[in-house]
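Please look over the structure shown below before reading on.

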Amino acid sequence: MADNLPSEFDVIVIGTGLPESIIAAACSRSGQRVLHVDSLPLANSIKSYYGGNWASFSFSGLLSWLKEYQENSDIVNESPAWQEQILENEEAIALSRKDKTIQHVEVFCYASQDLHEDVEEAGALQKNHAAVTSANSTEAADSACLPTEDESLSTASCERPAEQTPSSDAESALEVNDAEATGEKENHCDDKTCVPSTSEEETGENVPTVEDTAEQPKKNRITYAQIIKEGRRFNIDLVSKLLYSRGLLIDLLIKSNVSRYAEFKNITRILAFREGRVEQVPCSRADVFNSKQLTMVEKRMLMKFLTFCMEYEEHPDEYKAYEEITFSEYLKTQKLTPNLQYFVLHSIAMTSETASSTIDGLKATKNFLHCLGRYGNTPFLFPLYGQGELPQCFCRMCAVFGGIYCLRHSVQCLVVDKESRKCKAIIDQFGQRIISKHFLVEDSYFSENTCSHVRYRQISRAVLITDRSVLKTDSDQQISILTVPAEEPGTFAVRVIELCSSTMTCMKGTYLVHLTCTSSKTAREDLEPVVQKLFTPYTETEIENEEVEKPRLLWALYFNMRDSSDISRSSYNDLPSNVYVCSGPDCSLGSDNAVKQAETLFHQICPNEDFCPPPPNPEDIILDGDSVQPEASESSAIPEANSETPRESANLGNPEEPSE
């Protein structure tokens with residue numbers, strides 16, 4: 001397949017992260033011939049999954065990914081054979097053989113590791129060993145085994161090839177499922193919200209059934225062997241984000257009709273961490289007036305202030321005098337109690353206490369309030385099976401309109417014409433020269449020579465598996481977001497997103513917790529203090545104690561990820577004008593930056609084309625020889641896709657399966 005690729009395209013996209021996938025879909029939709037490859041080598045293997053650093057993995061897939069990164073650090077660059085194909089009037093821009101976007105990886109296992117026999121992942125096609133031995137923490141970077149609870153290491157051993165989410169083909173229909181209901185309705189939501197994702201066999205492995213509950217007579221007794229066995233129920237995101245219900249990504253999903261390829265759940269609650277306690281934040285009108293945390297006076301204060309924030313631009317006199325101070329200082333000038341100031345700053349505006357201006361805070365608060373009520377009682381949505389679904393959805397749209405996909409296909413270099421200073425082709429791993437007019441390359445594919453003047457920021461990430469929620473309620477199917485403010489100068493607030501099993505990202509009886517902040521040190525140094533505040537390590541001696549104050553921590557992963565967003569193109573050395581750079585994930589909660597970047601680059605490639613217009617209705621498709629005007633199909637489809645109907649409160653799009 002790979003060695004029979006066409007020799008010429010209009011657009012070649014290298015990398016399958018969210019911005020690249022959106023651009024590939026938009027270009028293919030506008031009639032461009034698109035080749036989309038993901039080729040960055042990790043050790044002796046090549047990426048065989050969509051998403052890059054936006055990907056989601058099963059538990060065993062994550063362990064394999066970690067192992068590959070350890071082996072990747074030992075790669076020795078060999079003399080490239082492709083140099084012989086570069087002509088006298090050409091020069092090459094070599095692409096990197098190492099992915100340096102992930103650093104300081106440390107893994108901790110707190111659950112019981114008593115593996116008396118080989119544990120095989122349920123539904124796995126081949127045997128999956130998990131090497132579990134103790135490792136000295138000082139030798140962590142060189143170890144390939146899981147450590148004991150007091151020890152760390154860089155990677156974990158797993159023989160199974162990297163495996164992604166069970167919905168790798170993105171063959172799911174898309175609905176927004178209301179996860180806010182409690183009681184019996186919430187406890188059974190898995191059975192009604194799951195939509196087939198790939199094969200029936202894989203879906204069967206992922207959809208929790210009644211028998212699953214019986215397998216765990218005591219929820220507390222979760223072992224590492226159980227996590228391995230149920231590994232396919234986990235879909236662990238490398239980057240942790242949510243979708244604002246009126247954000248750019250949701251609007252694009254609806255406009256392009258890509259929304260039918262995925263399914264979403266509402267975030268059910270906003271939490272705050274104050275004075276050592278986790279408590280729920282009232283944010284909607286109903287929440288405010290039903291809250292038992294606030295006095296009647298505080299409820300009136302909060303509603304009055306939130307009403308002002310919704311229309312603050314119409315009353316400039318109210319805030320003009322405070323534009324030069326921080327939002328935190330501005331809140332102190334309003335008639336708000338310290339309790340309300342804390343809620344607004346950290347859980348509604350979600351802004352920095354020291355760095356955000358009054359205008360930034362008012363904009364963030366208005367955006368939060370503007371997104372309330374569109375799909376549920378909070379402003380946020382989460383895609384079932386993880387964030388890795390979203391790049392796959394746009395990849396599928398690209399393929400539907402004729403884009404060609406080739407994973408496990410390494411690109412060796414870009415070929416540049418010396419006279420025109422334009423990139424003219426790529427040379428792949430088979431030595432094939434593939435010509436194109438435009439080239440989009442994700443930042444991590446460039447070599448150190450190209451990026452020698454680039455100054456990257458870092459994101460600190462932690463992924464935890466716990467046995468219960470940080471705030472216990474009647475329902476065990478809560479999806480929560482919590483912001484823990486920075487305590488020391490020079491550090492940053494930590495965003496915590498807690499996912500329950502109904503999101504199809506973890507096994508029954510566990511929660512998947514993502515922690516994210518801008519890096520000031522290594523991920524473990526940045527995030528471990530917050531982990532210690534919210535969770536307690538799982539130990540055998542505590543099993544009998546049913547009333548543990550904090551959730552038990554079963555497994556933890558820390559790593560730093562490169563933030564290549566907002567880097568000027570001029571920072572890269574000698575890039576041809578027809579080579580465009582896409583950045584990796586940023587540290588923000590939403591994905592607006594990825595959508596803006598994709599739209600900007602698309603208009604540079606196709607300046608006169610609409611960005612991801614709705615697909616035509618099948619009955620409106622005009623075949624050659626028909627006398628009907630071609631414009632009819634576009635005009636009939638666009639108003640329907642852009643209009644907001646009452647169905648949006650339940651659906652992002654029609655849950656119909658596209659024809660293959």
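How do the residues of the lining of the largest cavity divide into nonpolar, polar and charged? They divide into 3 nonpolar, 11 polar and 7 charged, where Ala, Val, Leu, Ile, Met, Phe, Trp, Tyr, Cys and Pro count as nonpolar, Asp, Glu, Lys and Arg as charged, and the others, Gly among them, as polar. This is a predicted model, in which local features need pLDDT of at least 70 and side-chain atom pairs count only at pLDDT 80 or more, while totals for chains, interfaces and linings use all residues. Residues are numbered from 1 along each chain as its sequence is written, and side-chain values use heavy atoms, with hydrogens and water left out.

**Cavities**

- On a 1 Å grid over the protein atoms alone, a cavity is a set of points where a 1.4 Å probe fits but cannot get out, whereas a pocket is an open set with protein on both sides within 12 Å along at least five of seven lines; lining residues have an atom within 4 Å of a point.
- The count comes to 3 cavities of 30 Å³ or more, and the largest cavity has a volume of about 150 Å³, a volume being the space filled by probe spheres set on the points, which are joined across faces, edges and corners.
- The largest cavity is lined by 21 residues, of which Gly52, Asn53, Glu442, Ser444 and Gly584 are the closest to its centre.

**The largest pocket**

- The largest pocket has a volume of about 1500 Å³, and of the 45 residues that line this pocket, Met350, Thr351, Ser352, Ser588 and Leu589 are the closest to its centre.
- At least two lining residues each come from α12 (338-348), α13 (358-371), β23 (511-518) and α16 (592-605), with α13 giving the most, 5 residues; helices (H or I, at least four residues) and strands (E, at least two) are DSSP runs, numbered from the N terminus.
- The lining of the largest pocket divides into 16 nonpolar, 16 polar and 13 charged residues.

**Sheets and strand pairs**

- An open sheet of 5 strands, with parallel pairing, has the order β15-β2-β1-β19-β26, and two strands pair if DSSP finds at least two bridges between them.
- At the edges of this sheet stand β15 (404-407) and β26 (579-582), each with a single partner strand, so one side of each is left without a neighbour in the sheet.
- Within the parallel sheet, β1 (residues 11-14) and β2 (residues 34-38) pair over 4 bridges, and Ile14 has Val37 in β2 as its bridge partner.
- Another open sheet, of 4 strands with antiparallel pairing, has the order β6-β16-β17-β18, and its edge strands, β6 (90-94) and β18 (433-435), each pair on one side only.
- Strands β16 (residues 411-417) and β17 (residues 423-428) run antiparallel and are joined by 5 bridges, with Cys413 opposite Ile427 in β17.
- Strands β12 (residues 269-274) and β13 (residues 277-280) pair in the antiparallel sense over 4 bridges; their hairpin has 2 residues between the strands, and Glu275 takes a positive phi near 55° there.

**Cysteines**

- A search of the whole structure finds 0 disulfides, a disulfide being a pair of cysteine sulfur atoms within 2.5 Å.
- The sulfur of Cys517 is too far for a bond because the closest cysteine sulfur, in Cys587, is 6.6 Å away.
- Cys517 is buried, with a relative accessible area of 3%, and Cys587 is also buried, at 16%, where buried means under 20% relative accessible area, exposed over 50% and partly exposed in between (1.4 Å probe, protein chains only).
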